[in-house]
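Open your viewer and follow along. We will select a few things in turn and see what is there.

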Amino acid sequence: MRHVTILGATGSIGLNTLDVIRRHPDRFRVYGLAANIRVEEMAELCREFRPQRAVMADADAAETLAQRLSDLPEITVLQGEVGLCEVAAAESVDTVMAAIVGAAGLPPTLAAVRAGKRVLLANKEALVMSGQLFMDAVTASGAELLPIDSEHNAIFQCMPADRVRDPRGAGITRILLTASGGPFRSHSNEDLKTVSPAQACAHPNWAMGQKISVDSATLMNKGLELIEACWLFNTDPSRIEVHVHPESIIHSMVEYADGSVLAQLGSPDMRTPIANGLAWPERIDAGVAPLDLFAIGRFHFERPDLHRFPCLRLAAEAFHAGGTAPAVLNAANEEAVAAFLAGDLGFTDIPVIIERTLAATEVVAGSSFEIIFAKDAEARRFAREQIERLAV
Ligand code: NAD
Ligand code: MG
């Protein structure tokens, strides 16, 4: 029996995780559920899964949740970052799904890592921000880090399990990272200027949260994933090639020295990588429909267009700049995406804000989590100023 905490329980990944858990009451028990402000959804999940702890990041939301659950005294309601870290590191938990969106997920994900848990990593921003420090913490505690991002889970499945951090030793020559291309794959530069948040969130293949949907539309998601892959698989961008594959059936590939290319295929359904991580190294039913290749018929591949989608280039540059640069990239992107979703920034201004913020923020090399959080705050302030200027 695995005892699981889900950070980001009310989100797209959180709900998919609970769907897999619901199918296997003999294998998984929910210890903790955590979310930000959505009290009604959280109360419902608590009634169904009966965790020992429920956390709302927002203090008012926590108070309301405690009232809603007053007839269930066995559930303790906690609040804030302290509560998030507590359910992530609690002694009776062995598995933590890290599925909070954005930088807010770093402290509790790190708490799970430091406590040596099996950490199922969906929250790619946490790893992008803190790269080396995060991986050092994994090594120090002996935490079991399993990738949930579909591409990274695919790559993980195509590697020998004991050589994940030593791709060269395993005879791996390249990682072929696939990308759907997002909803605007065929848009002209001119058309991109006027796309709306609703259009950006209507992903052709995946149903996801708003932030990652916009990231998929700008290709920043692939940029973050490029950095994520470098850290997870101990490699660099010169050994990773992005392949736009609009069908989203091949979730990524690994090329070996003998010419073999191994791929992982499946329907675009996050329950597959989630079930893989929850049960690893075993395989369990994820509730996913079997793949029908006859219905799909053909696969297509194209190179990403870095001219129309500069975010992918910006991410590679930030990785090469090293130190705090990826944290700045991530912070500026989070601010720009939030402004775009609020109707305060044009779609093509997202990379403009990120590029300006990267250019204006000094890179600190040897780093600590304190420096990372300080740079994150500095980048957000600068990005918000720039967003206001562009909005005028
Ligand atoms: P979502 O917006 O649907 O859900 C986000 C969750 O995070 C919610 O439960 C919300 O309550 C919680 N949250 C937000 N801000 C918080 C805060 N400050 N403190 C505590 N909790 C907070 O997002 P999602 O699509 O589920 O994505 C979650 C993460 O997984 C992201 O990092 C995303 O990049 C990654 N991911 C998602 C998918 C997908 O298919 N949705 C695929 C790969 C990776
Ligand atoms: Mg992905």
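Which polar backbone atom is 2.9 Å from an oxygen atom of ligand 1? Select I13: a polar backbone atom of this residue is 2.9 Å from a ligand 1 oxygen. Note that this is a predicted model, where local features need pLDDT of at least 70 and side-chain atom pairs count only at pLDDT 80 or more, while totals for chains, interfaces and linings use all residues. Residues are numbered from 1 along each chain as its sequence is written, ligands are numbered from 1 in the order in which they are written, and side-chain values use heavy atoms, without hydrogens and water.

Next, select T10. A polar side-chain atom of T10 lies 2.8 Å from an oxygen atom of ligand 1. Then try A122, with a backbone N or O atom 3.4 Å from a ligand 1 oxygen. The protein buries 87% of the 830 Å² that ligand 1 exposes when taken alone (Shrake-Rupley method, 1.4 Å probe).

Now show the whole shell. It holds 23 residues around ligand 1 (one heavy atom within 4 Å). Colour domain 1 (2-147) and domain 2 (155-267): both give residues to this shell, so ligand 1 lies between them. The domain bounds come from an automatic or database domain assignment.

Last, show the strands (DSSP runs of E, at least two residues). Seven of them form an open sheet with parallel pairing, in the order β4-β3-β2-β1-β5-β6-β7 (strands pair if DSSP finds at least two bridges between them). Look at β4 (76-79) and β7 (144-147): each stands at an edge with a single partner strand, so one side of each is left without a neighbour in the sheet. Finish on R2, whose bridge partner in β2 is F28.

Key: A polar contact is a pair of N or O atoms within 3.5 Å; within protein, one must be able to donate a hydrogen and the other to accept it, and residues adjacent in sequence count only if both atoms are side-chain atoms. Helices (H or I, at least four residues) and strands (E, at least two) are DSSP runs, numbered from the N terminus.
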